[in-house]
Amino acid sequence: MGRKRKRAAALQEEEEPVPLPSLAPPLVRDSDEPVKKKKKWINKQRVLVFASRGMSFRNRHLMEDMRTLMPHSKPESKKENKDNLRVINEIAEMKNCNKCVYFENRKKKDLYMWVANVPKGPSVKFLVLNAHTMKELKMMGNCLKGSRPLLSFDPAFDQPHFAVIRELLVQTFGTPNQLPKSQPFHDHVFCFSILDNKIWFRNYEVLDVDGKLSEIGPRFVLDPIKVFDGSFGGQTLWDNPHFVTPNTIRSVKKKAQSFKYTNKVQQKEGYKKRTPKDPFLGDPTNDIFQTKPPEEAVSEEKQIFIRKKI
């Protein structure tokens, strides 16, 4: 059996005084302490923003504006047009991104924008119209880089196909909470409104608590074309019946210009038919009232006067 502990030693341990908590205030206040950031942010959304080759300067500046507005974005070098779009899934996986915004340029005129959830989908294809960059607009507003935006959507997004697009835009353009590169406040608003079956994007700065806004750019219009089940392809969930390709628009304009030439040719032919063959003959009725020249009339008067004298 083990030895018993002495009772005196046990009593001595029990009688030791317990230190009282110090009532003095701390040297540093809580308001002066920096905000403790979470080491692990839960909503890990990373967006890959890049484009294809052959972009114009305006479209390239628009892409750079989108990168600055989204602090959770990652850049990538330009993609060759000959490569398949499914290659983007591998690029996004290597970049550790689960969302992608891809600007596709065609004929150095038309700009298409893909917004996809990598790698399972869905994905949406847009035609970008009336794009204007921040430097081009030169507006007075300004917001802090990296701040989190407020997303405002039109009530028309309650339609089934627009509801899918809205959820994809929220996950893509919304800055995750506690992102290391973001600022912990909101000072600008992303406004998505629907007009003429197109999505109009505007970026406003919050000026005051009253809700006063000031546009700062960029601005563009998205014409939705198709919604796919997969990432950059797959089964078509929705097809826009109001969409008109830019090639057809250009062909209609060319035909309208060609009508001007045909109208000119027809006007010339009609003018030739209306004009007489010999325009210098004059009016044929002028020969009815022909009179003798004045010289002959004077000579006859002289002859009559001479005869009377004789």
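## Legends to the close-up views

**View A. With a relative accessibility of 2%, Val-101 counts as buried.** Buried means under 20% relative accessible area, exposed over 50% and partly exposed in between, with a 1.4 Å probe and protein chains only. The model is predicted, so local features need pLDDT of at least 70 and side-chain atom pairs count only at pLDDT 80 or more, while totals for chains, interfaces and linings use all residues. Residues are numbered from 1 along each chain as its sequence is written, and side-chain values use heavy atoms, with hydrogens and water left out. Val-101 belongs to strand 3, which covers residues 99-106. Strands (E, at least two residues) and helices (H or I, at least four) are DSSP runs numbered from the N terminus. Neighbours within four places in sequence aside, the contacts of Val-101 are Val-47, Leu-48, Val-49, Phe-50, Met-113, Trp-114 and Thr-172; contact means heavy atoms within 4.5 Å. Thr-172 lies 71 residues from Val-101 along the chain, and the two C-alpha atoms are 8.2 Å apart.

**View B. Pro-71 sits in the loop between helix 2 and strand 2 (73-75).** Its relative accessibility of 12% places Pro-71 among the buried residues. Beyond the neighbours within four places in sequence, Pro-71 touches Gly-146, Thr-175, Leu-179, Lys-181 and Ser-182.

**View C. The largest pocket holds about 310 Å³ of space.** On a 1 Å grid over the protein atoms alone, a pocket is an open set of points with protein on both sides within 12 Å along at least five of seven lines, whereas a cavity is a set of points where a 1.4 Å probe fits but cannot get out; lining residues have an atom within 4 Å of a point. Grid points are joined across faces, edges and corners, and the volume is the space filled by probe spheres set on the points. Of the 15 lining residues of the largest pocket, Lys-109, Asp-110, Leu-111, Val-128 and Leu-129 are the closest to its centre. Helix 2 (57-69), strand 4 (110-117), strand 5 (123-132) and helix 6 (246-274) each contribute at least two residues to this lining. Strand 5 contributes the most, with six residues. By type, the lining has seven nonpolar, four polar and four charged residues. Ala, Val, Leu, Ile, Met, Phe, Trp, Tyr, Cys and Pro count as nonpolar, Asp, Glu, Lys and Arg as charged, and the others, Gly among them, as polar.

**View D. Helix 6 is hardly covered, with one buried residue among its 29 residues.** At 1.5 Å a residue, helix 6 should span 42 Å, and the distance of 43 Å between its end C-alpha atoms agrees with this. The expected span is 1.5 Å times one less than the number of residues.

**View E. Two cis peptide bonds are shown, Val-118 to Pro-119 and Gly-217 to Pro-218.** Omega is about 0° at the bond between Val-118 and Pro-119. Pro-119 is placed in the loop between strand 4 and strand 5. Omega is likewise about 0° at the bond between Gly-217 and Pro-218. Pro-218 is placed in the loop between strand 9 (213-215) and strand 10 (219-230).

**View F. Asn-96 and Lys-108 have positive phi without being glycine.** Phi of Asn-96 is about 60°. Asn-96 is in the loop between helix 3 (87-94) and strand 3, and at 49% relative accessibility it counts as partly exposed. Phi of Lys-108 is near 60°. Lys-108 is in the loop between strand 3 and strand 4, and its 69% relative accessibility makes it exposed.

**View G. Pro-160 is part of helix 5 (residues 160-173).** Pro-160 counts as exposed, at 68% relative accessibility. From Pro-160 to Trp-238 there are 9.7 Å, C-alpha to C-alpha, for a separation of 78 residues in sequence.

**View H. The whole chain has seven helices and eleven strands.** Of its 310 residues, 33% count as buried. Among contacts between residues at least 6 apart in sequence, 64% join residues at least 24 apart. The accessible surface comes to about 22400 Å², and 55% of this belongs to carbon and sulfur atoms. Areas come from the Shrake-Rupley method with a 1.4 Å probe; for residues, only the protein chains shown count as cover.
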